[in-house]
Amino acid sequence: MVQQGDVSTAVVVGSGPNGLAAAIRLAQEGVRVRVLEAGDTVGGGARSSEHTVPGLVHDDCSAFHPMGVASPFLRTLGLEDHGLRWRWPRIDLAHPLDSGAAGVMWRDIDRTAEAMSEDGRAWLRTFGHLSRSFDGLAEDVLRPVVRWPAHPVTLGAFGIGALAPASWTVRRWRRPQTRALFGGVAAHAFSSLRTPMSSAVGLLLTAAGHAYGWPVAQGGSQAVADAMAAKVAELGGTIETGVRADSIEALDAPDIVMLDVAPKAAVEFLGDRLPAGIARAYRRYKYGPGAHKVDFAIEGGIPWTSEFCREAGTLHLGGTFEEVAEAEGKTVRGIMPSRPFVLVGQQYLADPSRSVGGINPVWAYAHVPNGYRGDATEAVIEQIERFAPGFRRRIVARHVRSVPQMEQYNPNYVGGDISVGANNVLQTAMRPRVGLNPYSTGILGVYLCSSATPPGAGVHGMCGYNAAESALRDLGVWDPASPGA
């Protein structure tokens, strides 16, 4: 609720999922919201384009959305009324090995455990409670660390495991394919798998997969952003694309400013208004490895050696856990591995509308060092060919987005870092700086709401939601004890 004489206007800079989430949350409380987007379309990392063959839909960055479908905020918005439809593949995830075997994850945890043979019981012990209690876990994990948990038992069970290095967690399993399966999920953190807290992302995304699956948005990830943008409009907000706001002085003094930008850009945007200590913290903020992306148009399907891989929406390529850990360790240290960890998406299996005739879109990217200037395209192809001999012959067209091009596509991706921040021990727990309110810039009414804030990367909108909640509390617009809050 908006009190007479209190906050009435807000400008959100950036229309990624977090910027749109912030806009929605503010508009829900009666704030007049204006979203400014420098690009021609909304979405940030949740955009889709026709890069290769006309009509073929490629996701520009984010592709699979376990945290989107599970998001405590997005689930309340009725985005299906604005065209969003989730679609699931038959198999959520597969991780092939050179032997022809593969680690396989279905949404059904019992089916997954049964296929793991002697590793099944340990898999159930690790993920059974977390997946059954995932809604409560998400409610706590997707909020700032400095907060009393609503579900302390579940959070405690997760936290104990999350503190461990992934290299310790995999000792629970004996089969190479099980160990590799967990290691590939943990590698989504873009960090060394031998450091403390490197199990956190692996545990969270796997539990989400068993609770909700790893779906895609029908028609492309752009559908998520478009549905959120429609929700902003429904609530009376406005969105302007092709508008670049370079400084806070250009915003005409709104009551609230939400910045869906990286800390580096926030320093430039806020200039001398930013308190010196916070400016230093933003300048010291660390960015992680980059992503070299390749979109393929292929004739037919990928000829995977493993039959499971032919039905999997997401694939992790890198060999054994030990190989993945070695490659990730090198990228964190700034060394380009000869066999980088590669993610492959076959979204068309769940959403055939993305294909044209017998031509299908394949989404892929390799983890590479931050700021990498080389061309990792051949390394991506070789990793796919390693587990799917004959893939190269099926390529009809390709579109490459190198690390410099990735940063040009989205300036938040500093050095190609699509996570908008290194997931080292400090920044996993406290980002973008140490403080009671990570969203505050130290300037009254100005907040950071990008993936550089808790809970970090993912199309869940919770960074924006949390930042908006902070703004509403700080400025007395929203009373959390009020009816309906």
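Beyond its neighbours within four places in sequence, Thr126 is in contact (heavy atoms within 4.5 Å) with Arg172, Trp173 and Leu203. The model is predicted, so local features need pLDDT of at least 70 and side-chain atom pairs pLDDT 80 or more, while totals for chains, interfaces and linings use all residues. Residues are numbered from 1 along each chain as its sequence is written, and side-chain values use heavy atoms, with hydrogens and water left out.

Thr126 sits in helix H4, residues 120–132; helices (H or I, at least four residues) and strands (E, at least two) are DSSP runs numbered from the N terminus. Thr126 is buried, at a relative accessible area of 7%, where buried means under 20%, exposed over 50% and partly exposed in between, for a 1.4 Å probe and protein chains only. A polar atom of the Thr126 side chain lies 2.8 Å from the backbone oxygen of Ala122.

Next comes the sheet. Seven strands make an open, mixed sheet in the order E7-E6-E12-E13-E14-E11-E15; two strands pair if DSSP finds at least two bridges between them. Strands E7 (102–105) and E15 (395–401) are at the edges with a single partner strand each, so one side of each has no neighbour in the sheet. Neighbouring strands are turned by 20° against each other on average, direction ignored; axes are lines fitted to C-alpha atoms, for helices over the stretch in contact, and angles run from 0 to 180 degrees between N-to-C directions.

Within the sheet, E12 (residues 312–317) and E13 (residues 342–345) run antiparallel and are joined by four bridges. Thr314 has Gly345 in E13 as its bridge partner.

Key
Polar contact = N/O pair within 3.5 Å; in protein donor to acceptor, adjacent residues only side chain to side chain.
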